[in-house]
Every structure is written in structure tokens, then in C-alpha cells.
Amino acid sequence: YGGEEFAVIMPATSAAAAAQVLDGIRELFGTVAHKADDTVFHATFSAGVADLDAAGGAADPADLFRLADEALYQAKPAGRNTFCIAPTPIHAEVAL
């Protein structure tokens, strides 16, 4: 993944619980003072959260990353410094 993007894997954790953890990290991260030359600044981040169980439990890892990435890009225009949870895909049942 390019630039400052990274993944956090939280086994046995629901999307809601993961979002709560990430929101706490996001808030604390915003309080960290960074220094470049003589300038002190604060940085923020946005996050996208996807849930393996909500995605059907057998989702391909690439699909899970895609869902999290789509959620991230929903968070950015929502004001940045926030998070979004990927919607649960709707699986149609096929009658045999």
C-alpha cells in the first residue's frame, strides 16, 4: 500500500469494536506534537473499517481490503479525521 496507508488486523473483533479502538487511537494521535525545522504541528488520520464476519466470514482478503479502502474514501470527504465502517454486503440467496 502506498504512502501513509496501512492495515490494522484485529482478530475476533467486530467492526463496531474495531472502530471504537481506532477512534481512541485517532483522538490520541491528534494530540501528538510533531516538529519539522522550527514548526510544531499536529496530524490527523481517517480510517476505513471492514468486518470479516459481516462480509460473510469467507471473504477473500483482497475483498476485505477493498471494503476497508472504500470506507476510508467515504470518511475523507466527511471531514477527514474520522472513520467509516464498510456496509455489510448483501448476499442474494439462490434457489436450486
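Figure 1. Leu-72 is found in helix H2, and H2 spans residues 61–75. This is a predicted model, in which local features need pLDDT of at least 70, side-chain atom pairs count only at pLDDT 80 or more, and totals for chains, interfaces and linings use all residues. Residues are numbered from 1 along each chain as its sequence is written, and side-chain values use heavy atoms, with hydrogens and water left out. Helices (H or I, at least four residues) and strands (E, at least two) are DSSP runs, numbered from the N terminus. With a relative accessible area of 11%, Leu-72 is buried; buried means under 20%, exposed over 50% and partly exposed in between, using a 1.4 Å probe and protein chains only. Leaving aside neighbours within four places in sequence, Leu-72 is in contact (heavy atoms within 4.5 Å) with Glu-5, Ser-46, Ala-47 and Gly-48. Val-49 is 23 residues away from Leu-72 in sequence, yet their C-alpha atoms are 7.5 Å apart in space.

**Figure 2. The largest nonpolar core, built from H1 and E3.** A nonpolar core is a set of buried Ala, Val, Leu, Ile, Met, Phe, Trp, Tyr and Cys residues joined through side-chain atoms within 4.5 Å. The largest one here has six members: Ala-15, Ala-18, Ala-19, Leu-22, Ala-47 and Val-49. H1 and E3 are the elements that give two or more residues to this core, and H1 gives the most, with four. A second, separate core has five residues, among them Leu-67, Ala-71, Ala-75 and Cys-84.

**Figure 3. The one aromatic pair, Phe-29 with Phe-45.** The structure holds one aromatic pair. Its rings, those of Phe-29 and Phe-45, have centres 5.6 Å apart and planes at 65°, so the pair is edge-to-face. For the cut-offs, rings of Phe, Tyr and Trp (its six-membered ring) pair if their centres lie within 6.5 Å; planes under 30 degrees apart count as stacked, over 60 as edge-to-face and the rest as tilted. Phe-29 belongs to helix H1 (residues 15–29), while Phe-45 is in the loop between strand E2 (39–42) and strand E3 (47–49), so the pair ties together parts that are 16 residues apart in sequence. Phe-29 itself is partly exposed, at 32% relative accessible area.

Figure 4. Arg-26 is found in helix H1. Not counting residues up to four places away in sequence, Arg-26 touches Phe-45, Asn-81 and Thr-82.

Figure 5. Ala-12 has a positive phi of about 55° although it is not a glycine. Ala-12 is found in the segment before H1 and is exposed, with a relative accessible area of 89%. Asp-37 also shows a positive phi, near 55°. Asp-37 is in the loop between strand E1 (33–36) and E2, and at 74% relative accessibility Asp-37 counts as exposed.

**Figure 6. Gly-79 in the loop between H2 and E4.** Gly-79 lies between H2 and strand E4 (83–85) and counts as exposed at 56% relative accessibility.

Figure 7. About 1100 Å³ of space lies in the largest pocket. On a 1 Å grid over the protein atoms alone, a pocket is an open set of points where a 1.4 Å probe fits, with protein on both sides within 12 Å along at least five of seven lines; lining residues have an atom within 4 Å of a point. The volume is the space filled by probe spheres set on the points, which are joined across faces, edges and corners. Of the 35 lining residues, Phe-6, Ala-7, Val-8, Gly-48 and Ala-68 are the closest to the centre. H1, E3 and H2 are the elements that give two or more residues to the lining, and the largest share, six residues, comes from H2.
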